[in-house]
Amino acid sequence: MSFLKNLPFEWQVGIRYTRAGKRSGRNSFISFISLISMAGIALGVAALIVVLSVMNGFQKEVRDRMLSVLAHIEVFDANGSMPDWKLVAKDVFKDKEVIGAAPYVAAQAMMSRGETLRGVVIRGVLPAEEPKVSDVAKQVRQGSFSDLKSGEFNIVLGGELARGLHVGIGDKVTLIAPQGQVTPAGVLPRLKQFTVVGIFEAGHYEFDSTLAFIHIDDAETMFRMDAPSGLRLRIVDMLQAPQVANDLARMLPSNLYLRDWSQQNSNWFAAVKTEKRMMFIILTLIIAVAAFNLVSTLVMTVTDKQADIAILRTLGASPLSIMKIFMIQGALVGLIGTAAGVGFGVLVASNIEVIVPFIEHLLHVQFLPKSVYVISELPSDLRWPDVGTIGGVAVILAFLATLYPSWWASNVKPAEALRYE
């Protein structure tokens, strides 16, 4: 390697120590241990990249399924209803980030069919306006969302809710409102029969098992409201929802409140964030173990090269130069291992939708059975900031692993090292 001749001697010696020796079996063994350390760092980095990419993929998949039903931002009045919702809708469109708005009525009720009783969340909507803020109309698997017509008291149920009530298209369900009617016999619950005209599958159990849609006029009649509960908004970039909500709050009247999708599911997102952080810490220990292996490799190298160190010292090399040699050796092992791990991890994470089905076909297994899991394929969302963080942590750990052996090498006494040579 002619380019090595132009490097400082510390680099030349450090790179030479990294390669396998040709004359000594001990040198070859030390280089083999260096290769194992390099492979350990590479596997740790690759594993961390793949696992975090899969976790990001699951988070993105669940988030997208949630937001196919939820609005990016909700605007509601402190009094519980918004009579001037059309004026508010005009105001929110002054913000260029808002691309859709639709009124809604939100309420809770009980739903019964025979002896089966379920608690449900009722959402009154305008069928023509709802597609502007959600994808529920596209998720209807049976029936039609457009069959929600004013005064006909039709209803669209989540798939799990329909299965729990044992109902299908055309069946009747009884909706029981919490607000009762005062009669001479006492307070009686208000009941109303609805006809099932659609069944949707959002792919999210919470919504599929508890959510039902009715026409907004029927909702106002059922729950004795004189206006919608508020507005549901869709924006260009859902990740900017908190910022857009703050901007709208400053623009709209003070009696209106805004809530973005991250606030509605803050516990879930906080749990996922904590889980991801803990997984990062746990898998980083794999890289730390490889770094400890690098310490033992450098210690063995220093022990084996004490005569070389003594000769270099007698030729005028300073303790700092000796320290640099072994730091360069360890850093090279760490850099090469990290680069290999990043390359392998990115390759696997980017092609996991091909690799996992191949393994399933080869082993005749299915990691996520459709009968058990809603998501039957491993999703992957590779994020380059995560890759950069993982690579940086691996390089730092490898560098830290070189400090003690390098310091020990710099303190070798030439006379003692050459005494028995």
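Okay, quick definition before we start: two axes count as roughly parallel under 35 degrees, roughly antiparallel over 145, roughly perpendicular from 65 to 115, and oblique for the rest. What we have here is a predicted model, where local features need pLDDT of at least 70, side-chain atom pairs need 80 or more, and totals for chains, interfaces and linings use all residues. Residues are numbered from 1 along each chain as its sequence is written, and side-chain values use heavy atoms, with hydrogens and water left out.

So, helices. The axes of helix 9, residues 266–304, and helix 13, residues 384–410, come within 9 Å and cross at roughly 30°. (Axes are lines fitted to C-alpha atoms over the stretch in contact, with angles from 0 to 180 degrees between N-to-C directions; helices are DSSP runs, H or I, of at least four residues, and strands are E runs of at least two, numbered from the N terminus.) That makes the two helices roughly parallel.

Now the rings. There are five aromatic pairs (ring centres within 6.5 Å; planes under 30 degrees apart are stacked, over 60 edge-to-face, the rest tilted; for Trp, take the six-membered ring). Phe76 and Tyr257 have centres 6.2 Å apart and planes at 25°, so they're stacked. That pair joins strand 1 to strand 10, 181 residues apart. Phe76, at 23% relative accessibility, is partly exposed (buried is under 20%, exposed over 50%, partly exposed in between, using a 1.4 Å probe and protein chains only).

Phe153 and Phe194 sit 5.4 Å apart, centre to centre, with planes at 75°, so that pair is edge-to-face. Both Phe153 and Phe194 are buried.
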